[in-house]
There are 2 protein chains.
Amino acid sequence: MSTSIFDEAMPRQVANHCALGPVAFVERAGEVFAGVESVVHGQRRYTWHDTRERARRLAAALTGLGIERGDTVSLLLSNTPEMLEAHYAVPALGAVINALNTRLDAAALGWQMQHCEAQVLIVDSAFGVTARQAVAKLAHPPTIVDVIDSEFTGSGEPVGAHEYEALLAASDPIERLPNPFDEWDAIAVSYTSGTTGEPKGVVTHHRGAYLNAVCNAVTWTLPQGARYLWTLPMFHCNGWCFPWTVAMLGGTHVCLREVNAATILAAFREHRADHYCAAPLVHEMILKADPALHAGIDHPIRGMVAAAAPPATMISGMQALGIDITHVYGLTEVYGPAAVALKPADWTERSLEEKTRLNGRQGVRYALQDGMTVVDPDTREPVPADGITQGEIVFRGNIVMKGYLKRPDATAEAFQGGWFRTGDLAVLEPDGHVRIRDRAKDIIITGGENVSSLEIEDALYAHPGVGACAVVALPHPHWGETPLAFVERVPGGEVTPDQLIAHCRERLAGFKVPHHFRFEPIERTATGKIRKNVLRERARAIEPVPQKDR
Amino acid sequence: MSTSIFDEAMPRQVANHCALGPVAFVERAGEVFAGVESVVHGQRRYTWHDTRERARRLAAALTGLGIERGDTVSLLLSNTPEMLEAHYAVPALGAVINALNTRLDAAALGWQMQHCEAQVLIVDSAFGVTARQAVAKLAHPPTIVDVIDSEFTGSGEPVGAHEYEALLAASDPIERLPNPFDEWDAIAVSYTSGTTGEPKGVVTHHRGAYLNAVCNAVTWTLPQGARYLWTLPMFHCNGWCFPWTVAMLGGTHVCLREVNAATILAAFREHRADHYCAAPLVHEMILKADPALHAGIDHPIRGMVAAAAPPATMISGMQALGIDITHVYGLTEVYGPAAVALKPADWTERSLEEKTRLNGRQGVRYALQDGMTVVDPDTREPVPADGITQGEIVFRGNIVMKGYLKRPDATAEAFQGGWFRTGDLAVLEPDGHVRIRDRAKDIIITGGENVSSLEIEDALYAHPGVGACAVVALPHPHWGETPLAFVERVPGGEVTPDQLIAHCRERLAGFKVPHHFRFEPIERTATGKIRKNVLRERARAIEPVPQKDR
């Protein structure tokens, strides 16, 4: 290109350019929503003025403990005010958040802290004992800061050299939570659940977190002053960037240490929480709660569900409760959800069946994500939008991770072909929506035919006696594999295998109908995702009875 | 800073980084909202598939006319589909939009096109004659493309070598509207109205337009599928970036060639338009329209108003019509509005007086703007938030222009001190909201006292007989200056100077009460802003009668 008149003497400068980073929303909230309630946590209350002040003090305290740009601060915390404050203070220093899954054991926690070279660990006393074990064998153990939450009533113990509130009280707040030095700087490292192999540290950056925090509001039409309930653990992809979204909107964080039907519904009723994100398990809790717990809740509520398509019973049941459900899809590598099942303009007029079908899709890319498609595993070219041809879901754009920490090999593999490869198999429907036919390893190959375990699960969920289900491959001497269905019956229900087989026959091709059932509790991850790998382990221990009919 | 483990082997690449630019929303709309109505214009209808296709064809056609990155395409168009398509195609080429004010005369238009070195001019045949005159004397006249809009029923004539539809039909669409080469690239050059001196070409960039387009949705909680009515001329700050906002939301543009009460209310009724932006004059048109025109409009409508605080009569009147008004503030240099008067959570319970006061403020910075404050003109330090101390409103952040075209001197002056200086005088209220006491030149100095013309206007507007008013300084032999009020009476009204003086005495200090009145039509700009410079000219021609009483 030749030089243009528009290139002359118009450089970036402080008046017209600043690095994008989501902590900016906290500074603004402290400025323009100063008197608005920022956090409700049991008996505790803060305003945005308070929260900004506490984050500024925490930043000063962390600086005092030696934290600089590029250092890691690990967090072993429940969904408490301190967890939020750390999400505001750590990135303000250019340091990196490592939010640890509180349900992991000491060995796994220790491994992660060692891998990301944590220099400080902020730990809730509820997890003190585990934390002490986790750091005991580390060559360079982090400095520990104990959080003693007045709302915590269980047993726990402080294990560090510092106590959070005392540290804040002793620190003069920094003047301002600054924007990042560079918007490409790391903001967090989050370890993938790693059902097989070594966990990978997903490194995200300020630019992506900023855009995703904004995109949450756009995707969900979130209003100023939204009251957001923390059912989703913040250690899960930094709470899908909602800590920052809520700050942008001058909303209120409603914290929850314990997630169960009683605490959730109390938060809806008492704190008028109006938005929440959760795995299907949590939605089921709400749906199946004692009706008495629903009394006195009369405002509209909206929930986001990820990790599995909401079955028809959930959509209709939630609708009856005044809760509107949006299905989103994503992975840690894309900051949590990065795709949404859009609701067409005539949504309310659609049949329940149609709603279930539309909302069951993984959907389309978020507005601020640059690309999402389904590619042929061999050619890496997009598959036709025919709803039939399978391929791998891929993303590209600013809401994709920097890479895997200390794993250039894995990073290069994930970004091969100029897209981030999710490993999830799906089809592209004619209207451009992605529908997962199956996660790659969830395909059951029976008699040479590929069967989607999701398709069978959809069929099973349509039976009123099924509370939850999961289908995996059962090794089979004749067919190679055959579907095995784990089923949790609805409370008081007594559905039998024969009834389910008859039910499935009406909905599925013969070779897809499951003939093997286990009626037992289904294992889930801390975030409510069904642990299919555990179910597969169990399947390997089962001696299948040869099937006669297909 | 020492090198960090987070810097290793995680460079930006195509999978995880792309330049921000608002045309990306058009590509996405064509992909995920393909069948949704994009544009309604009289009898014409397009879907997002169509609009993307037409923009791709226009991009190809412009390339054929020699347009490259850094070149300028001038637009002399009404709010038509072609105006939107140009906003999508021109930046896709890295070229720069110069949207011309259709109410300017040929000399002014020619001057602007010469200054920004326009290579192509797309002109609606309604303005053909003016365009021909405008380019007649240019040393390097642009190539002219005529738009012949089937919805245009007036007289006009094509004046160029190409016709828009024929050009599109003859062009193979480009494969994709690409992201900008660099997000700092210019996207538009818009000339400030230039009430005095030479107009300045405000150069905006892709990054800012992208963030502002998103911020429109966040600020206004705009839903997917919004139906946006084009009452605001798109030549005004590129329609405040709403051409791109609506694409992001898969919304529908409802075009309007002629803006009057009948066409606006018909668009609400027939096309169910639910959002619009406009100067106060347009809101007044709606408010004062024949009640018969309001029949059949039963959906909620929201309007944004800029350029002047909405008086109480407008807020209450609009509320009665089911129209919710949001007051925003900005300038061309910050892409249109960049501040908003926030509505607190208990808005609906506030008294009309409170609503008027709160909504009358210029407000707080947009969520994606990095900074806004009021600084002392001498020290350049922020004034105290006491609601009393006056200073100049300043902005900083990504939604600030690159600079003034070919005016490094003016650019440097505007950005002096690391902030963009608006030239507007205001106070900072204790809750962080900015309230304009007066544009700098609108201060009236009478007997050594500073009087805000806005304060007097507020008082006058509270009188039911005042339809519109504007107060300027009248030179005065004794007092130096004294307030002169131009007043438009409400239709059929007969308010007298004595009545207004008595009314103002109850509300203002004696020295602020105006004693000079002109009951005559008030001149406004094309965008409805009162032209105080013209009123000041008129004031200079008046011989004041010495006042006895103060």
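Chain B puts 56 residues in contact with 57 residues of chain A; contact here means C-beta atoms, placed from the backbone, within 7 Å. The model is predicted: local features need pLDDT of at least 70, side-chain atom pairs count only at pLDDT 80 or more, and totals for chains, interfaces and linings use all residues. Residues are numbered from 1 along each chain as its sequence is written, while chains are lettered from A and ligands numbered from 1 in the order in which they are written.

Start on the side of chain B that touches chain A. Helices α1 (24–32), α7 (206–220) and α14 (408–414) of chain B are the elements that give two or more residues to it. Helices (H or I, at least four residues) and strands (E, at least two) are DSSP runs, numbered from the N terminus. The largest share, five residues, comes from α1(B). By type, this side divides into 32 nonpolar, 14 polar and ten charged residues. Nonpolar covers Ala, Val, Leu, Ile, Met, Phe, Trp, Tyr, Cys and Pro; charged covers Asp, Glu, Lys and Arg; the others, Gly among them, are polar.

How do the two copies meet? Of the interface residues of chain B, 100% are also interface residues in chain A, so the copies meet through the same surface. A rotation of 180° with 0.0 Å of shift along its axis superposes chain B on chain A, with RMSD 0.2 Å. The two copies are thus related as by a two-fold rotation axis. In chain B, Thr221(B) comes closest to the axis, at 2.8 Å (C-alpha).

Now turn to a sheet in chain A. Nine strands form an open, mixed sheet in the order β2-β1-β11-β10-β12-β13-β14-β15-β16. Its edge strands are β2 (44–47) and β16 (364–365) of chain A, each pairing on one side only. Pairing requires at least two DSSP bridges between the strands. Strand β15 (336–340) of chain A pairs with β16(A) in the antiparallel sense over two bridges. Ala339(A) has Arg365(A) as its bridge partner in β16(A).

Back in chain B, β3 (72–76) and β4(B) pair in the parallel sense over four bridges. Val73(B) stands opposite Ile97(B) in β4(B). Between these strands the chain crosses through helix α3 (81–92) of chain B, and this β-α-β crossover is right-handed: with the strands pointing away from the viewer, the path from the first strand over the helix to the second runs clockwise.

Methods. Copies are superposed by least squares on the C-alpha atoms of residues with pLDDT of at least 70 in both. Two residues are in contact if their C-beta atoms, placed from the backbone, lie within 7 Å.
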